[in-house]
Amino acid sequence: MYTAQGFALGRREEILGRGKEKLVRALEGKLVVLGVSGGISAYRSCELVRLLVKAGAEVQAVLTDSAARFVGPLTFQALCGRPAAVGCGVEMAGAGMQHIDLGRESALVIVAPCTANTLAKLACGLADNLLCTTVLASTCPVLVAPAMNSRMWANPLSQQNARRLERLARFHLVGPASGSLACGEEGTGRMAEPEAIFESAVRLLTSADLAGCKLLVTAGPTREPIDAVRFLSNRSSGRMGLALARQAARRGAEVVLVLGPGELEPPPGVQCVRVGTAAEMATAVRKHARGAQAVLMAAAVADFRPRRRVEGKLKKAAGMPRIELERTDDILAGLGRGKSRPILVGFAAESGDPLEAARSKLERKHCDLIVANDVSLPGAGFEVETNRVHLVDEGGAEALPMMSKDEVAERVLDRVAALIAAAGKRRAR
Ligand code: CTP
């Protein structure tokens, strides 16, 4: 028979199976309690569960009675793969003391959405349902995502409640965001996007070894215009640079992302500067590299551009065009020539064995590290989620196995963190 429990487990497997490459080290195998209180944005918490489960977390949903009137517990059961607890959790308690057990075992409690009522209860330490008792009995970080009408949020009482929670080291707020609200009004009060809540959750559980550091990351291709409608570009999707920016922000760095054209959205919590051409990228990098401890040039910057951009559109009737090319500035090499240069990480996408080219780029461009890959190998090139790279520095080359671009980013940032720490020690001497 196809039971609700069986469906729930099957569904969880399906989510995990599809998203294996999305596992997040900080969340893998951790118990996350998701407290849901009664607001219309309760339905968006389902998306948050999906992101947490995909990342490898065990999610236990705890619904207030009014949340269960917005979204049925079975929906959460299906997504989490375990029964949702509702109200006071009495039916669920079984032999244990659920309100204490959940608080003790969880690595993180998220309250999303957190209504004005639940916010007030949490701020006062009230304990009249399982969600509140779990928060009260927990010792882990608590991430609160308020969601309410804008006037309710602006009310000094709600503001005081929010500040009161924030003053406690364990409590962190995400949002609320601004925009159109379910009540038809515009203002601040929308629950933060599930992706933003997820990102805050990951950050809370990630060691902040890059806190206090500014990192500049470039990503994506550049486009060099031929005429008003055509350009020269390359197949870079920007995924590797975006993964670096995302992981650096998770580890507490201040991140400026200089991003070329493409479909992908920048990760939350990074300052994104959009550029089109290699010249625009060079200007943005020079501006934002000031004060940065490290620059990671993951962008596939065009090496050549048309010498002259044709006004309007080139017409076929005008005959075969002759497009003369000229070199663009090498941004990375320019930074390497600077007197007090930041730590520099270059990328070498080669077809064939990339090691020799990587060693030559390390030296020629005065880099501290080159991330080299052979784009002709399956799962290691453009537009894919995985990569297979060599990390090359003056000490030698380390070959990493095929892994997700986020994992590659973590390994690259381990090296960057070590380089920043070593530079700090040298300065202190
Ligand atoms: N790069 C750059 N500015 C350019 C071209 C490249 O900063 N105009 C950076 C890239 O972001 C990358 C590194 O330099 O980090 C290597 O780029 P690549 O084009 O592979 O290096 P080249 O020295 O141009 O070597 P090749 O002859 O293989 O093109």
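The paragraphs below lead from the overall architecture of this predicted model to the surroundings of its ligand and then to selected local features.

Because the model is predicted, local features are reported at pLDDT of at least 70 and side-chain atom pairs at pLDDT 80 or more, whereas totals for chains, interfaces and linings use all residues. Residue numbers run from 1 along each chain as its sequence is written, and side-chain values rest on heavy atoms, with hydrogens and water left out.

The protein contains 16 helices and 22 strands, where helices (H or I, at least four residues) and strands (E, at least two) are DSSP runs numbered from the N terminus. Its C-alpha trace spans about 75 × 60 × 55 Å along the principal axes. Of the 429 residues, 49% are buried; here buried means under 20% relative accessible area, exposed means over 50%, and partly exposed lies in between, with a 1.4 Å probe and protein chains only.

The ligand is surrounded by 15 residues, the closest being Met297, Ala299, Leu332, Lys361 and Lys365, and a residue belongs to this shell if one of its heavy atoms lies within 4 Å of the ligand. By class the shell holds 7 nonpolar, 2 polar and 6 charged residues, with Ala, Val, Leu, Ile, Met, Phe, Trp, Tyr, Cys and Pro counted as nonpolar, Asp, Glu, Lys and Arg as charged, and the others, Gly among them, as polar. At Asp329, a backbone N or O atom lies 2.9 Å from a nitrogen atom of the ligand. On its own the ligand has 570 Å² of accessible area, of which the protein covers 79%; such areas come from the Shrake-Rupley method with a 1.4 Å probe, and for residues only the protein chains shown count as cover. The elements that contribute two or more residues to the shell are α14 (331–337), β17 (343–350) and α15 (355–364).

In the loop between α15 and β18 (369–374) lies His366, which has a positive phi of about 50° although it is not a glycine. His366 counts as partly exposed because its relative accessibility is 39%.

Which residue's side chain makes a polar contact with the side chain of Asp414? That residue is Arg251, at 2.8 Å, a polar contact being a pair of N or O atoms within 3.5 Å in which, within protein, one must be able to donate a hydrogen and the other to accept it, while residues adjacent in sequence count only if both atoms are side-chain atoms. Arg251 sits in the loop between α12 (239–250) and β12 (254–259), and it counts as buried because its relative accessible area is 5%. Asp227, in the loop between β10 (224–225) and β11 (231–232), is likewise buried, with a relative accessible area of 1%. Asp227 and Pro306 are 79 residues apart in sequence, and their C-alpha atoms are 9.4 Å apart in space.

Two cis peptide bonds can also be located. The bond from Ala112 to Pro113 is cis, with omega near -5°, and Pro113 belongs to strand β4 (residues 108–114). The bond from Gly175 to Pro176 is cis with omega near 5°, and Pro176 lies in the loop between β6 (171–173) and β7 (177–180).
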